[in-house]
Amino acid sequence: MPENLLSEFVAAIPMPALMVDQTERIIAANSDAKTLLAQNIEGRHFATILRQPQVIEAIEQCLRTKGSAKTRHLSNDGAQDTTFKVECRYMNGVGAVCGGAMLATFQDVTHLEQASQMRRDFVANVSHELRTPLTALMGFIETLRGPARDDVNARERFLQIMTDEANRMNRLVGDLLSLNRVESEERVRPKAQVELTGLLRSTLNSLRPLAEDGDVELSLTAPEDPVSLAGDSDQLRQVFTNLIENGIKYGGSGGSVEVRVMSSERDSAMRGPAVRVQVIDRGPGIDSVHLPRLTERFYRADSHRSRQLGGTGLGLAIVKHIINRHRGRLRVESELGKGTTFTVILPL
Ligand SMILES: Nc1ncnc2c1ncn2[C@@H]1O[C@H](COP(=O)(O)OP(=O)(O)OP(=O)(O)O)[C@@H](O)[C@H]1O
Ligand SMILES: [Mg+2]
């Protein structure tokens, strides 16, 4: 095959690709390969361009055996580390010398790697979260069978702790299922009409006992007129339940949680009509280092306190997915010692 045909052929491959002949020089490379490796690589010895030992090894092996070889090429695109699957194949009768050359293609598998890393992290997190209460349960069962068998007081106390731990596992499984459901519906736009002020009023009412237990004052400020939007009322109730519950739990006793509703014809974030619901507490606040990661599954800013309060760390992850489904936005502002404001912006 003449050299210019080779270049045309390599240029048509829809991923980085290059050819190396038996003189170990690069005889053709497409523009994706030049973007990945370097410009002007044609004519250079391949090992001066591809310096990773496993890649050099694969190319050498392919040229030597006139067969095939596979490996990985690691890179960085400026924003993140990237991984490419490299396939080397020998082509007989191609190139100017010794009747053959090899073709190396670089398939970007970064997303696959990230997805499987996320899956591994997720399984590790879930197992860890379930194991903690399970270990406690097993410990208490052991104690109740042995040393505390006839101790009525201890038995009562242990059964209470066991109930709490079992509830915690139950909540965790419930949260995981609801996260799964929300995620699977994320692309389906909700169609029902929801009146927001009424929904917030009833959400606050159902949280009143929790607020009273924690000695927290609840209040609602909303416009006179009803605020209606297309939404899923159960899911929106869950959003505000999670946010207000956080305000009550982390805002501290003697504090207050204020809910404010404001609608506008032209919201700066949505570039159109939208409603903003703010959930404001005057608690200890959240350190700004935590803010970007707050909506990740199992992320806790103050993990000791969250666990003590029975939190699973899934509340805000669920909130984020529901708001995404409603094409809305979630904002957090917090100042240490002053309090936290979560703002939900929903298009009208
Ligand atoms: N209003 C708030 N003030 C201070 N910290 C907060 C507030 N809201 C959330 N946080 C922090 O963010 C973390 C994540 O909150 P999230 O609701 O996702 O989980 P959780 O409350 O720990 O558990 P869950 O809501 O599943 O019971 C919390 O653990 C807490 O550290
Ligand atoms: Mg929470």
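Does Arg260 count as buried, partly exposed or exposed, and at what relative accessibility? In this predicted model, Arg260 has a relative accessibility of 31% and therefore counts as partly exposed, the class that lies between the cut-offs of 20% and 50%. The partner of Arg260 is Glu258, with which it forms a salt bridge whose closest N and O atoms are 2.9 Å apart. Glu258 has a relative accessibility of 16% and for that reason counts as buried. A salt bridge also connects Glu258 to Arg282, where the closest N and O atoms are separated by 3.0 Å. This second pair links distant parts of the chain, since Glu258 belongs to strand E9 (residues 256-267) and Arg282 to the loop between E10 and H9, 24 residues apart. Salt bridges with shared partners likewise join Glu185, Asp232 and Arg325 into one network.

In total, 12 salt bridges are counted in the model. One of them is formed by the side chains of Glu129 and Arg300, with an N to O distance of 3.1 Å. Here too the pair links distant parts of the chain, with Glu129 placed in helix H5 (residues 110-145) and Arg300 in the loop between strand E10 (272-281) and helix H9 (303-308), at a separation of 171 residues. Both Glu129 and Arg300 are buried. As for the charges of the protein as a whole, the 43 positive and 44 negative ones have mean positions that lie 3 Å apart.

The overall fold comprises 10 helices and 12 strands. With a radius of gyration of 30 Å, well over the 20 Å that the globule rule gives for 348 residues, the protein is more spread out than a compact globule. The C-alpha trace spans about 85 × 65 × 40 Å along the principal axes. Of the 348 residues, 43% count as buried, and the accessible surface amounts to about 19,300 Å², with 50% of that area belonging to carbon and sulfur atoms.

Helix H10 (residues 315-325) is largely enclosed by the rest of the structure, because eight of its 11 residues are buried. The buried residues of H10 are Leu316, Ala317, Ile318, Val319, His321, Ile322, Ile323 and Arg325. Their packing partners are helix H6 (152-184), helix H8 (233-251), strand E11 (329-335) and strand E12 (339-347). Arg325, one of these buried residues, is also a member of the salt-bridge network with Glu185 and Asp232. Just after H10, a positive phi of about 55° is found at Arg327.

A further view of this region is given by Glu183, which lies in helix H6. Glu183 has a relative accessible area of 34% and is therefore partly exposed. When residues up to four places away in sequence are not counted, Glu183 touches Arg297 and His321, and His321 is in turn among the buried residues of H10. The C-alpha atoms of Glu183 and Asn324 are 9.5 Å apart in space, although the two residues are 141 residues apart in sequence.

Definitions and conventions. Residues are numbered from 1 along each chain as its sequence is written. Chains are lettered from A and ligands numbered from 1 in the order in which they are written. This is a predicted model: local features need pLDDT of at least 70, side-chain atom pairs count only at pLDDT 80 or more; totals for chains, interfaces and linings use all residues. Side-chain values use heavy atoms; hydrogens and water are left out. Helices (H or I, at least four residues) and strands (E, at least two) are DSSP runs, numbered from the N terminus. The radius of gyration is taken over C-alpha atoms; the globule rule is 2.2 Å times the number of residues to the power 0.38. Buried means under 20% relative accessible area, exposed over 50%, partly exposed in between (1.4 Å probe, protein chains only). Accessible areas come from the Shrake-Rupley method with a 1.4 Å probe; for residues, only the protein chains shown count as cover. Lys and Arg count as positive and Asp and Glu as negative; His and the chain ends are not counted. The place of a charge is taken as NZ of Lys, CZ of Arg, CG of Asp or CD of Glu. A salt bridge is a side-chain nitrogen of Lys or Arg within 4 Å of a carboxyl oxygen of Asp or Glu. Contact means heavy atoms within 4.5 Å.
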